[in-house]
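Thanks for asking me to take a look at this one. Here are my notes, with the structure placed first so that you can follow along.

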Amino acid sequence: MARIVVVGPHPDDQELGMGGTIVRLARQGHHVLLLDMTNGEPTPLGSPEERAKEAAEATRILSPDPAEHPGSVPVRRMLLGLPNRTVEHTVEARHRTAAVLRAWQAEIVFTTYPVDAHPDHRAVTRIVEDARFDSKLSKVSMPAPIDQWTGEALDGPGVEDGGGQTRPCYPKWMFYYYATHLRWVADPKFVFDISDTLETKMDSIRAYRTQFVLPEKNRKALDWIRASGVYFGSRIGTEAGEPFYTQEPVGLGSLAGLV
């Protein structure tokens with residue numbers, strides 16, 4: 001099964017943009033790591049401690065019950081620890097991100113769509129795009145990254161025994177999900193069927209109580225997120241869907257996966 005990294009500028013971006021897809025991938029046995037670039041704080045009702053609890057609860061919700069889904073894999077999560085609201089595209093940020101891809105030996109990377117009104121989102125997309133390239137550099141030292149949520153080093157198949165360095169890799173695929181701050185409708189290259197995971201996605205978003213439950217003005221976001229899921233599902237003839245963009249052609253070995 002594939003090893004996948006889903007990058008979010010802030011905790012909740014992954015759930016908003018592709019929570020239903022994350023659940024389906026984990027149920028299918030893929031190894032999914034959610035990489036939070038920042039802790040998302042400060043916010044009006046949140047705190048770093050509360051946001052950490054919310055992110056952990058959202059991860060629990062996204063992770064399949066192995067009794068109901070044999071062969072599934074729990075979703076993992078880590079925090080890189082860049083400063084919220086002032087994320088910058090730097091070589092240091094690129095290499096710290098590349099170290100995560102290497103430690104995880106990522107084959108597929110999802111990140112935010114590059115056109116956005118939020119400076120953090122735009123910066124993160126550039127960082128991830130360049131980190132994909134940097135992750136293959138064979139003569140650059142990239143130690144195993146430290147999860148800023150827990151203070152522990154990320155364990156993965158790309159971490160070398162003893163020295164803690166990470167082995168080079170090059171993720172074959174990079175896809176973009178939509179969690180934009182622009183008032184426009186996405187024009188995706190493909191849509192993932194989330195008919196059976198839409199409700200789990202919504203529950204994972206509600207886990208961020210300080211962002212979408214307690215602030216009255218933000219509760220409406222849940223309505224349009226659900227409406228978006230139904231709309232994109234209608235574009236492929238299913239009950240719900242999530243849109244994605246790619247800059248590279250997707251290769252098909254058969255038509256079995258088409259809905």
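The points below go through a helix, the nonpolar cores and a strand pairing.

1. Please keep in mind that this is a predicted model.

2. Let's begin with helix 1, residues 13–27. Its 15 residues, at 1.5 Å each, should span 21 Å, and the end C-alpha atoms lie 20 Å apart, so the two values agree. Do also look at glycine 19, where a kink of about 80° in helix 1 is centred.

3. Just after helix 1 comes glycine 29, which has a positive phi of about 100°.

4. The largest nonpolar core holds 32 residues, and Val5, Val7, Leu35 and Met37 have the most contacts inside it. At least two residues each are supplied by strand 1 (3–8), strand 2 (31–36), helix 3 (91–104), helix 4 (119–134) and strand 5 (173–177). Helix 3 gives the largest share, seven residues.

5. A second core of 19 residues is separate, and Val23, Phe175, Tyr177 and Ala179 are among its members.

6. Leaving aside neighbours within four places in sequence, its contacts include Leu35, Met37, Phe110, Val124, Val128 and Tyr177.

7. Finally, strand 2 pairs with strand 3 (residues 76–79) in the parallel sense, over four bridges. Within strand 3, methionine 78 stands opposite leucine 35. From strand 2 the chain passes through helix 2 (residues 48–62) to strand 3, a β-α-β crossover that is right-handed.

Methods. Residues are numbered from 1 along each chain as its sequence is written. This is a predicted model: local features need pLDDT of at least 70, side-chain atom pairs count only at pLDDT 80 or more; totals for chains, interfaces and linings use all residues. Side-chain values use heavy atoms; hydrogens and water are left out. The expected span of a helix is 1.5 Å times one less than its number of residues. The bend at a residue is the angle between axes fitted to the seven residues ending there and the seven starting there. A nonpolar core is a set of buried Ala, Val, Leu, Ile, Met, Phe, Trp, Tyr and Cys residues joined through side-chain atoms within 4.5 Å. Buried means under 20% relative accessible area, exposed over 50%, partly exposed in between (1.4 Å probe, protein chains only). Contact means heavy atoms within 4.5 Å. Two strands pair if DSSP finds at least two bridges between them. A crossover is right-handed if, with the strands pointing away from the viewer, the path from the first strand over the helix to the second runs clockwise.
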